Amino acid sequence: MNNFTYSLNATLPIFLIMILGKLLYRLRIIGDDFIQSVDKYVFYAALPALVFKDLTENDFRENFDAGYLMFCFFSTLAAILIIWGLTELFMKNETEKGAFIQASYRSSAAILGLAFIDNMYDGAGMAPLMILGAVPLFNIFAVIILTLKGQNKDQKPDVRTTIKNIFKNPILLGILLALPFAFSGIHFPAFVNKSLNYLADTASPLALLSIGAGFEGRKAFRKRKLTVLATLIKLFGICSLFLPVAVFLGYRSQELMGILIMLGSPATVSCYIMAKNTGNDTVLTSSIIVLTTLLSSVSLTFWIFILRSMNLL
């Protein structure tokens, strides 16, 4: 029950802010101009700052475990490639592929990971290494997939332009800038960290308001089959595939909890902002974010119950 309550406390505020965004839009307190401005601000400023902060604020050299880092990296890579390959094989609608792939694998690992583990254990354990192993891949592949799928299908893909757009993406630039600091252990002065935190902390609430304001229930209902399928993949499918491998390799307690969050936490709100700014399906993306967020309190509690029953957490 404690795990269920904690899961609700972690996920319901996200859902409530999206509802607030819709309410403010209906009351005409915010409008389409606000949504467009917020989306650009979050994409070009707040999200890069959030990624940079997530990768630089933790000491990755402390308790460094190369095997754990590699497991997080390769399980994330395998999950992405499996979902991408199956989507290309079975999904016909090209305009929905990018949104479906991204929202099916991309977790709120950095946002929820440390919070969950700190709540259950004394210390973050290997969670920073999980973030380092998974979050850059989440974002890099999201940039690649959304850039490829967001192109005008009436034109032949311009490889040169595609590669250029990938490396111009602000999320990828934030990762590339952060990695040297993450590995070197260089610390910024307090006033720099505080300013960076202020900027990064605006990403999630503003993105959630935008998702809620722009959420189109009727259109989302027409995409219910893809939404449910992506939600099952995100919350149950990937965990079912890789958690047994993690257990077999001997990961327990904080380490296993970090892997669970990496694999099975809800689709991150930044999926919507990136889909919108790359010309992909925002209706499908937002509906997957809403459903995975709503059901993750149940699914995470289910996985925690299973793993605790087996004395693994």
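How exposed is phenylalanine 188? I looked this up to open the notebook, and phenylalanine 188 turns out to be partly exposed, with a relative accessible area of 23%. For my own reference, buried means under 20% relative accessible area, exposed means over 50%, and partly exposed lies in between (1.4 Å probe, protein chains only).

**Ground rules.** I am working with a predicted model, where local features need pLDDT of at least 70, side-chain atom pairs count only at pLDDT 80 or more, and totals for chains, interfaces and linings use all residues. Residues are numbered from 1 along each chain as its sequence is written, and side-chain values use heavy atoms, with hydrogens and water left out.

**Overall fold.** I found 15 helices and zero strands in the protein; these are DSSP runs numbered from the N terminus (helices are H or I, at least four residues; strands are E, at least two). Of the 313 residues, 52% are buried. I also checked contacts, meaning heavy atoms within 4.5 Å. Among contacts between residues at least 6 apart in sequence, 85% join residues at least 24 apart. The protein exposes about 14700 Å², and carbon and sulfur atoms supply 65% of that area, by the Shrake-Rupley method with a 1.4 Å probe; for residues, only the protein chains shown count as cover.

**Rings.** I noted twelve aromatic pairs in the structure. One of them joins phenylalanine 181 and phenylalanine 188, at 4.9 Å centre to centre with 45 degrees between the planes, and is tilted. The pairing rule takes rings of Phe, Tyr and Trp (its six-membered ring) with centres within 6.5 Å; planes under 30 degrees apart are stacked, over 60 edge-to-face, and the rest tilted.

**A charge over a ring.** I then looked at arginine 224, whose charged end sits over the ring of phenylalanine 221, 4.3 Å from the centre. The test asks for NZ of Lys or CZ of Arg within 6 Å of the ring centre and within 35 degrees of the ring normal.

**Backbone.** Arginine 28 has a phi of about 65 degrees. I located arginine 28 in the loop between α1 (2-26) and α2 (32-56), and it is exposed at 76% relative accessibility. Asparagine 311 has a phi of about 60 degrees. Asparagine 311 lies in the segment after α15 (282-309) and is also exposed, at 68%.
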